[in-house]
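Colleague: I am new to reading structures. Could you walk me through a few features, one at a time?

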Amino acid sequence: MTGVILGTLAACLIAITSLAHGADPICKGTLYLTLDTGNMRHAEAIAQILGKHQVKATFFVAQEKTLRGDMALDPSWAEFWRARVAEGHAFGSHTWRHGSFRKDDTGGKVNYRLPDGSQTQLDVEQICTELKKPDIRFAELTGRKLDPLWRAPGGRTTPLTLKAAEACGYRHVGWAPAGFLGDELPSEISPNEILLKRALANLKGGDILMAHLGIWSRKDPFAPMLDPLIGSLKSKGFCFATIPTQ
């Protein structure tokens, strides 16, 4: 829920600065497509869809395990990320270990649940390190640093994590309620056709959209639906831009 609230606040800022970040002044409204790493299963297919529609997205990158058995920020993915940089997309941190920020304690630390279910605690310096490591690795792979943006996995933040991130130069980006495209929901309950229809009916100018480059749990992947989704939104007069960095 914190991610949704922050996404709404971010949309207000975006609405003011959109023209400086690729939005067309004749657009009915500007939308901001964001993509988190996930398992990278559909990374190449999504890149092709973006290229087909000439849409620039904002990628939030973490060192997540991929369907190939490597990790999303391993050197084996350098060519993919360099291609996205050349295409002019934007990039932010999604943390290094893709853990979940749970709760601040009274000692100035936050409880951080890792993907394997274990937990640790991070102080302000360690939170900053968790955000900066993807930045350092991305620059090593591509020659380009990340933009000063970050997204907490699951959109879960705490007062301490937001303060620490801001202190080390990263602004949090959530998403709009209608921008939750649902690609991580069970396809048996939320089939692609329903998700597509809902998005087309509810999205409005200024909304931040959120999806992944691959999801482990969903049987019927939503990623191919980005093609008709983007095409239909553009036919309605919407334009797409990357998340402003200021």
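Colleague: Let me start with two cysteines. Are C27 and C239 buried or exposed?

Modeller: First, keep in mind that this is a predicted model. Now the general idea: a residue counts as buried when its relative accessible area is under 20%. Here C27 is buried, and C239 is buried as well.

Colleague: What do C27 and C239 form?

Modeller: A disulfide is a covalent bond between the sulfur atoms of two cysteines. In this model C27 and C239 form one, with their sulfur atoms 1.5 Å apart. The cut-off for such a pair is 2.5 Å. By that rule the count is 1 disulfide.

Colleague: Which parts does the pair tie together?

Modeller: C27 sits in the loop between α1 (2-17) and β1 (29-36), while C239 belongs to strand β10 (residues 238-240), so the link joins parts 212 residues apart in sequence. The link of C27 and C239 is left-handed, with -75° about the S-S bond.

Colleague: Why does C128 count as buried?

Modeller: Apply the 20% limit again. C128 has a relative accessible area of 12%, so C128 is buried. C168 comes out at 17%, so C168 counts as buried too.

Terms used:
Residues are numbered from 1 along each chain as its sequence is written. This is a predicted model: local features need pLDDT of at least 70, side-chain atom pairs count only at pLDDT 80 or more; totals for chains, interfaces and linings use all residues. Side-chain values use heavy atoms; hydrogens and water are left out. Helices (H or I, at least four residues) and strands (E, at least two) are DSSP runs, numbered from the N terminus. Buried means under 20% relative accessible area, exposed over 50%, partly exposed in between (1.4 Å probe, protein chains only).
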